[in-house]
Amino acid sequence: MLNASSIENFRNRLRGSLLIPGDAAYDAIRMVPNAMIDRRPAVIARCAGAADVIACVRFAREQDLLVSVRGGGHSVAGKSVCEGGMMIDLSAMKGARVDPVAHTVRAEPGLTLGELDRETQAFGLATTLGTVSKTGISGLTLGAGWGHLHGSYGLALDNVISLDVVTADGRLHTASANQNQDLFWGVRGSSGNLGIVTSLEYRLYEVQTVFGGAVFFPVAQAKDVLHFFRDFAQTIPDELVIQATAMTLPDAGPVFAVAGCYHGSSADAEKVLKPLRSFGTSVADIFDRIPYLQMQSLFDPFFPPGRRTYVKSNFLRELNDSAIATIASLAGTSPSAYSFAPFVEHWHGAATRVSPTDTAFPHRQHPFNFMLWSNWATPAETENNLQWTRDCWNAMKPYLIDSSYVNYVSDEGESVSRAAYGPNYERLLALKNRYDPTNFFRMNHNIQPGRTAEAARND
Ligand SMILES: Cc1cc2nc3c(=O)[nH]c(=O)nc-3n(C[C@H](O)[C@H](O)[C@H](O)COP(=O)(O)OP(=O)(O)OC[C@H]3O[C@@H](n4cnc5c(N)ncnc54)[C@H](O)[C@@H]3O)c2cc1C
């Protein structure tokens with residue numbers, strides 16, 4: 001148990017602030033966007049820089065505290081906030097320095113996507129991040145980072161040039177293709193298992209305006225639209241990124257939408273998007289040439305903080321006719337008008353040309369990621385929405401592979417976490433044994449230290 005004098009001593013070791021229950025900002029920082037998560041850390045350290053992060057790791061070890069690390073707080077499983085213990089909050093670390101000549105940016109881990117995009121867009125530059133601007137860059141990047149530019153430029157983690165990481169022994173390492181290569185490999189995809197990232201350097205590309213938006217179809221057409229979506233996905237260039245979802249529009253009720261972002265000329269965009277925009281009988285078409293920053297916040301209004309969220313997600317083995325029929329039968333049946341479910345993301349282009357073992361993130365070969373992103377407003381609706389999501393999941397299981405993308409899963413326990421790392425699990429386990437043998441960093445999709453299969457074979 002922490003006593004008042006050790007808390008006071010620790011407060012004096014920080015440049016940032018230390019919050020305890022009852023402090024004015026305590027509740028605002030411990031609450032994350034998913035209102036299903038309501039945990040109370042014993043202390044929250046609002047780090048001002050890497051030195052604070054090092055001090056936190058050392059203090060937590062001395063005191064034997066459970067630790068959670070908060071970037072942007074958007075993990076739907078609430079991995080950034082622990083019950084008791086110490087929340088190491090990075091969200092005040094928001095420095096960014098763009099090198100417009102080298103096309104790189106050095107960013108601190110507390111930035112949200114919108115904040116980093118704003119800094120890079122001042123120079124007409126961007127890197128792949130996610131699709132909702134309030135999401136944190138570091139959790140997103142360390143898990144993978146699927147976004148509107150991934151077809152051309154790869155996932156967020158594919159664009160990391162170097163990063164600084166504080167490991168469980170309280171030491172800071174710089175990792176890159178030339179330095180601490182094993183750590184560099186493992187941190188990109190292992191979602192905080194190996195340490196706390198205090199700085200990330202990304203590659204940037206020229207991106208200014210894009211042609212983005214969505215076409216909304218009556219939900220009754222979901223099956224036809226999904227057939228179209230599957231075939232269309234096979235024809236599109238890297239510059240176009242698409243996703244399809246059942247959702248509810250305030251004025252039009254349940255619809256099935258295909259959203260997209262094309263970066264390139266308007267003439268090319270019109271040509272590439274013509275099959276989608278002329279398909280079937282749509283309810284609305286909001287595609288337009290818009291600033292990239294507007295594209296990056298287009299979906300924000302659908303994800304306000306304070307909603308209850310439960311997500312099930314996994315890659316489809318194949319988007320075959322039978323999977324399409326099942327997905328279409330679920331469209332429009334969610335008990336909540338706030339849900340995006342069922343939902344299919346298309347992964348292609350540069351992100352899929354990286355080998356599954358080149359980074360710790362293995363999912364490079366399955367073009368369609370299936371999701372049930374259930375959101376609802378009140379506790380009274382929880383049981384119904386959880387049950388609906390689980391029933392849909394059971395209906396979809398035969399079509400899904402065994403592992404999943406860590407950034408999209410709710411808390412599913414050890415076997416799901418293990419499967420999520422696929423063929424990279426054993427190599428990650430060896431790194432976990434080396435850099436975090438006591439599982440100090442365990443509020444994540446956890447790799448529990450233990451014997452590797454190779455060690456077992458040699459016994
Ligand atoms: C509304 C919404 C939209 C989303 N859209 C997308 C999308 O378009 N594409 C996509 O790929 N994902 C998307 N996601 C998923 C998102 O990538 C993950 O939720 C991600 O974990 C968010 O990062 P964060 O920093 O906000 O999360 P946090 O909850 O702060 O952290 C998530 C995990 O990463 C760890 N972590 C965070 N920062 C660090 C750090 N610096 N060092 C070590 N460990 C750290 C945390 O401890 C935790 O285990 C979305 C999520 C939401 C809620």
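**Exercise 1. Helix 11 and helix 12**

In this predicted model, Ala 323, Thr 326, Ile 327 and Leu 330 of helix 11 meet Trp 388, Cys 392, Ala 395 and Met 396 of helix 12. Work out how the residues of this contact divide by class, and then describe how the axes of the two helices are arranged.

*Solution.* Begin with the classes: the contact of helix 11 with helix 12 has seven nonpolar residues, one polar residue and no charged residues. Turn next to the geometry, for which two packed helices are described by the angle between their axes and the distance between the axes. The axes of helix 11 and helix 12 (residues 382–396) cross at roughly 165° and come within 10 Å. Because angles over 145 degrees count as roughly antiparallel, helix 11 is roughly antiparallel to helix 12.

**Exercise 2. Helix 8 against helix 11**

Helix 11 also packs with helix 8. Determine the angle and the distance between the axes of helix 8 and helix 11, and identify the residues that meet.

*Solution.* Helix 8 (residues 222–233) and helix 11 (residues 321–330) pack at an angle of about 140°, and their axes lie 9 Å apart. This angle makes helix 8 oblique to helix 11, and helix 8 passes helix 11 in a right-handed crossing. From helix 8, the residues are Ala 222, Lys 223, Leu 226, His 227 and Arg 230, and they meet Asp 321, Ile 324, Ala 325, Ile 327 and Ala 328 in helix 11. Sorted by class, the contact of helix 8 with helix 11 comprises six nonpolar, one polar and three charged residues.

**Exercise 3. Helix 1 against helix 3**

Describe the packing of helix 1 and helix 3 by angle and axis distance, and list the residues that make the contact.

*Solution.* The axes of helix 1 (residues 4–13) and helix 3 (residues 50–63) are 10 Å apart, and the helices pack at an angle of about 160°. Helix 1 and helix 3 are therefore roughly antiparallel to each other, with helix 1 passing helix 3 in a right-handed crossing. Helix 1 contributes Ser 6, Phe 10 and Arg 13 to the contact, while helix 3 contributes Asp 52, Ala 55, Cys 56, Arg 58, Phe 59, Glu 62 and Gln 63. These residues of the contact of helix 1 with helix 3 divide into four nonpolar, two polar and four charged.

**Exercise 4. The second largest pocket**

State how much space lies in the second largest pocket, and find the strand that gives the most to its lining.

*Solution.* The second largest pocket holds about 160 Å³ of space. Its lining includes Lys 312, Ser 313, Asn 314, Trp 393 and Lys 397. Strand 17 (residues 308–315) gives the most to the lining of this pocket, with three residues. By class, the lining of the second largest pocket has four nonpolar, four polar and four charged residues.

**Exercise 5. Backbone exceptions**

*Solution.* Most residues other than glycine have a negative phi, and most peptide bonds are trans.

How values were computed
Residues are numbered from 1 along each chain as its sequence is written. This is a predicted model: local features need pLDDT of at least 70, side-chain atom pairs count only at pLDDT 80 or more; totals for chains, interfaces and linings use all residues. Side-chain values use heavy atoms; hydrogens and water are left out. Axes are lines fitted to C-alpha atoms, for helices over the stretch in contact, and angles run from 0 to 180 degrees between N-to-C directions. Helices (H or I, at least four residues) and strands (E, at least two) are DSSP runs, numbered from the N terminus. Angles under 35 degrees count as roughly parallel, over 145 as roughly antiparallel, 65 to 115 as roughly perpendicular and the rest as oblique. A crossing is left-handed if the near helix is turned anticlockwise from the far one by less than a right angle, and right-handed if clockwise. Contact means heavy atoms within 4.5 Å. Ala, Val, Leu, Ile, Met, Phe, Trp, Tyr, Cys and Pro count as nonpolar, Asp, Glu, Lys and Arg as charged, and the others, Gly among them, as polar. On a 1 Å grid over the protein atoms alone, a cavity is a set of points where a 1.4 Å probe fits but cannot get out, and a pocket is an open set with protein on both sides within 12 Å along at least five of seven lines; lining residues have an atom within 4 Å of a point. Grid points are joined across faces, edges and corners, and a volume is the space filled by probe spheres set on the points.
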